[in-house]
Amino acid sequence: MTLLVKSSYSHRFLSSSTPAMSVCSSFCPQLPSYFRQKPINSLPTKPLFPLSFKVFSSQATGVSAEADELPGRIGFLGMGIMGTPMAQNLLKAGCDVTVWNRTKSKCDPLISLGAKYQPSPDEVAASCDVTFAMLADPESAMDVACGKHGAASGMGPGKGYVDVSTVDGDTSKLINGHIKATGASFLEAPVSGSKKPAEDGQLIFLAAGDKSLYNTVAPLLDIMGKSRFYLGDVGNGAAMKLVVNMIMGSMMATFSEGLLLSEKVGLDPNVLVEVVSQGAISAPMYSLKGPSMIESLYPTAFPLKHQQKDLRLALGLAESVSQSTPIAAAANELYKVAKSHGLSDEDFSAVIEALKAKK
Ligand SMILES: NC(=O)C1=CN([C@@H]2O[C@H](COP(=O)(O)OP(=O)(O)OC[C@H]3O[C@@H](n4cnc5c(N)ncnc54)[C@H](OP(=O)(O)O)[C@@H]3O)[C@@H](O)[C@H]2O)C=CC1
Ligand SMILES: O=CCCC(=O)O
């Protein structure tokens with residue numbers, strides 16, 4: 001197994017078997033020279049910054065060493081909750097980043113940090129070697145990739161398109177077809193992890209598609225994430241992401257029921273959160289969201305409308321293979337009720353409000 005560890009502060013890559021540091025430096029030539037091409041045995045014994053190591057093991061096959069032609073110019077489409085910190089981390093690592101967003105003002109913070117701007121997805125794609133897209137849903141992902149002035153119009157041989165949005169496999173395959181028709185390469189790479197992991201460069205990439213593009217962009221994924229999985233054909237990354245989010249949506253729905261039930265029978269829901277955190281069903285999500293849910297506060301990290309979209313898409317996936325998913329179906333109904341109460345843009349933990357409203 002190849003083991004690659006990365007300091008999340010300095011972007012120094014230490015590898016047991018690869019020249020990954022030099023690969024990173026080729027991507028990001030503006031990196032201070034100290035961070036480039038440092039052989040592992042010449043690192044200072046005392047780090048300049050506190051080191052927090054990321055471990056890349058996974059089914060994730062080969063790391064960056066397999067890349068030979070490295071993209072210098074990186075495009076990023078979609079400056080929402082996730083796209084903004086992801087692009088920001090690329091910029092902070094010294095990469096040459098060009099951004100676009102439907103609502104242009106959301107590009108301004110990135111432009112202040114040194115990002116370039118292009119007024120349309122096709123112009124971003126035309127001016128970049130690799131273009132990432134982080135968009136709301138299947139419709140926007142399709143439109144931005146394949147619509148009028150979509151990225152595909154700016155793609156061509158030697159370029160790559162990496163869609164990190166959460167969409168269904170059919171949408172991803174359609175986008176793949178449009179991009180490949182231009183002679184460019186395509187990778188789907190949806191992410192597990194929310195706003196904070198995106199800010200901290202701790203996302204988990206679920207990649208599938210062109211293996212050579214996966215190898216090429218691996219150093220960029222490693223800047224934005226803590227691990228990556230290569231899952232084979234286009235559609236597998238989307239499917240993995242939907243299964244994970246189907247589980248998460250159901251977990252949050254049943255957690256909401258538990259919080260309300262505990263309170264109704266006279267227990268302190270804060271104690272419930274503590275008990276849960278110490279046992280076999282402990283999950284970071286419960287400890288993270290529980291206290292604010294008890295206060296009826298839902299600061300948005302993962303919008304509820306996206307969680308409901310993911311449940312809908314996961315149910316479609318289950319339907320396509322005749323897999324029974326009654327728990328997810330019930331959870332989906334609850335998120336739909338929450339949406340009807342105007343909670344679409346709240347955090348998905350606001351689903352608890354749908355249960356309160358049902359009383
Ligand atoms: N937030 C999270 O915790 C996570 C989200 N995801 C997934 O990542 C994706 C993005 O999520 P997130 O950043 O939270 O979402 P946001 O709602 O914050 O951002 C959505 C982005 O999509 C753009 N967009 C929406 N509709 C269109 C359209 N018709 N044409 C062009 N652009 C459009 C928005 O542009 P504009 O600013 O103009 O509205 C914005 O840039 C989603 O697929 C989500 O499921 C995955 C992991 C975690
Ligand atoms: O798609 C959103 C996932 C959020 C998370 O993994 O915490």
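Predicted model: local features only at pLDDT ≥ 70, side-chain atom pairs only at ≥ 80, totals over all residues.

Student: Which residues are closest to ligand 1?

Tutor: A residue is near a molecule or strand if its C-beta atom, placed from the backbone, lies within 6 Å of it. For ligand 1, 26 residues qualify, and the closest are Gly80, Arg102, Ser140, Ser194 and Phe302. They are sorted by class: Ala, Val, Leu, Ile, Met, Phe, Trp, Tyr, Cys and Pro count as nonpolar, Asp, Glu, Lys and Arg as charged, and the others, Gly among them, as polar. The shell around ligand 1 has 11 nonpolar, 10 polar and five charged residues.

Student: Which helix gives the largest share of the shell around ligand 1?

Tutor: Helices (H or I, at least four residues) and strands (E, at least two) are DSSP runs, numbered from the N terminus. The protein chain has 14 helices and 12 strands, and helix α5 (residues 138-146) gives the largest share of that shell, three residues.

Student: Which residues of α5 are buried?

Tutor: A residue is buried if 20 or more other C-beta atoms lie within 10 Å of its own, exposed if 12 or fewer, and partly exposed in between. In α5 the buried residues are Pro138, Ala141, Met142, Val144 and Ala145. They pack against β4 (73-77), α4 (121-127), β7 (130-133), β8 (160-163) and α6 (169-181).

Student: Is Gly156 buried or exposed?

Tutor: Gly156, in the loop between α5 and β8, is exposed because 12 other C-beta atoms lie within 10 Å. Two residues are in contact if their C-beta atoms lie within 7 Å. Not counting residues up to four places away in sequence, Gly156 touches Thr182, Gly183 and Ala184.

Student: Which residues touch the most other members of the largest nonpolar core?

Tutor: In soluble globular proteins, nonpolar side chains tend to be buried together. A nonpolar core is a set of buried Ala, Val, Leu, Ile, Met, Phe, Trp, Tyr and Cys residues joined through C-beta atoms within 7 Å. The largest one has 92 residues, and Ala87, Leu90, Ala133, Ala145, Ala151, Ala207 and Val351 touch the most other members. Helix α9 (residues 236-264) gives the largest share of this core, nine residues. Domain 1 and domain 2 both give residues to this core, so the core lies between them.

Student: How many residues does each domain give to the contact between them?

Tutor: The C-alpha centres of domain 1 and domain 2 lie 28 Å apart. The contact takes 12 residues from domain 1 and 14 residues from domain 2.

Conventions: Residues numbered from 1 in each chain as written. Chains lettered and ligands numbered in written order. Domains from an automatic or database assignment.
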